[in-house]
Amino acid sequence: MRTKIVLYNSLKLIVASMFIGLASALLADSLKHLTEAYQHRIFQNAGQISPFLYIILPSIGITIIYFLRKYAFKKRQNKGIKEIYTTLETRKDHLPLFKIPSHYFNGFLTVIFGGSTGIEVSTVVATATVGNAIHKKSKVAFAYKNELICAGVAAGVATLFGSPVAGWLFAMEVIARKVSRPILISCTSSVLIASLFIYLIDNKRLLPYTVETWNWAALPYIIGVGILGAILALYFTKIVIHAKKLFGGIRNNFLRVNLGAVTVGILIFFLPYLYGDSYHGLHEIIEMGTQQSFTIPFGILLLLLVILKPLAASLTLGAGGDGGVFAPSIVAGAFLGVLFAQLCNTYLGTELIVLNFALFGAAATLSAAIHAPLTALFLICSIVPGGYLLFIPMAITSFTAKYLAKWCYPFNVYTYKETKLAVISRNK
């Protein structure tokens, strides 16, 4: 009898997770393509009319978000991925249904108007809410709240990056942070549906460049870019936390929104590569890095992008934009990898493959930023054709960056909490 009950409950969990997988895949795919289309259109039109429009566009997007939050969503705040953790830790807490349209539209508006972040965290919270809603509204698999939330997240991330394994691992490493039989069943079921969706409808890679080979002689440099990626992620984590504290102390809504948004707009005016999620800029930088030799102006451009992309993302989030560290970590890390490879080739006489090191830098920075090396490994391998040829060096750089970052600073932007000692010392 007990075996039959277990099998029956598992079957209910599988059915519910598959439904969540389909709903989350549709949500994530529509947000991805709408954002990509409108971001490109607004960016191109603003550049043709007057580049000075870049200065005010982020303010327009975040101001619309402010009024949506105030009137449409009744002043209810979005707190990002921490909302999911709070829900998972207690039985009574739930993700309210408004989180789906709130994060969907806020993420969309932030990025298309130039807010220098991405839609990944918006998608994660929205798809987690899909799982929570199925748990609340239906008696199917009622006992599996955490499992259904993780199922939604896994399918959403899988669809965004076209990587079922990365979506599955993200749900395990970052959201659940544990492995159990029900979680394995729910995430696997939802990711199978997302995989079918990706195969039939949307199998386009994030980057069009093909990985061809790598050499063991590059191993010391692979470890080197992993160390630099960890340092970049630590810098990013610190400024995100400080930006949120700084803007959280500004009571004047007009000043808070425009102080951050206009600053981001000024940065975009001088460096259009910082616009939105910056994936368009990444395409151009990798192409230039692979086709031309190192020059001082190009090196300065890359260094500025490495430093300013995390800053622009932090200001966007502090001003009230919706998003997270996924896209900025990938992009800033890739810029770092291009710069590192070109410097080594020019001044050390190496023959490092620029594309490979762009990917190593992206994996290292993402791994260290979210403390999830397996997610970073499979995600970055999947964003280019032939990416899994780099599996071994990518694993080395991802784990190097993660453990160095954790050793230097045990918190990340998702799990940051002040220690009692820090609170006591501040209050003295």
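Colleague: Which residues line the largest cavity?

Modeller: Keep in mind that this is a predicted model. The lining is made up of Leu207, Leu282, Ile286, Ile330, Ala334, Ala358, Leu359, Ala362 and Ile383. Helices α11 (279-291), α13 and α14 (354-370) are the elements that give two or more residues to that lining.

Colleague: And which of them gives the most?

Modeller: That's α14, with three residues.

Colleague: How much space lies in there?

Modeller: About 30 Å³. The structure holds one cavity of 30 Å³ or more.

Colleague: Is Cys187 buried or exposed?

Modeller: Buried, because its relative accessible area is 0% and the cut-off for buried is under 20%. Cys381 is buried too, at 1%.

Colleague: Now the outside. Which residues form the nonpolar patch on the surface?

Modeller: Ile296, Ile300, Leu304, Leu343, Tyr347 and Leu348, with about 590 Å² of accessible area together. Both α12 (296-319) and α13 (326-347) supply at least two of the patch residues, and α12 gives the most, with three.

Colleague: Where does Tyr347 lie, and why does it count as exposed?

Modeller: Tyr347 lies in helix α13. It counts as exposed because its relative accessibility is 55%, and exposed means over 50%.

Terms used. Residues numbered from 1 in each chain as written. Predicted model: local features only at pLDDT ≥ 70, side-chain atom pairs only at ≥ 80, totals over all residues. Heavy atoms only, no water. Patch = residues over 30% accessible without salt bridge, like charges linked within 9 Å, V, L, I, M, F, W, Y side chains within 5 Å. Areas by Shrake-Rupley, 256 points an atom, 1.4 Å probe, with all protein chains shown as cover. Salt bridge = Lys/Arg side-chain N within 4 Å of Asp/Glu carboxyl O. Helix = DSSP H or I, 4+ residues; strand = E, 2+ residues; numbered from the N terminus. Buried < 20%, exposed > 50% of the residue type's maximum accessible area, 1.4 Å probe, protein only. 1 Å grid on protein atoms, 1.4 Å probe; cavity = no way out; pocket = protein on both sides within 12 Å on 5 of 7 lines; lining within 4 Å. Points joined across faces, edges and corners; volume = space filled by probe spheres on them.
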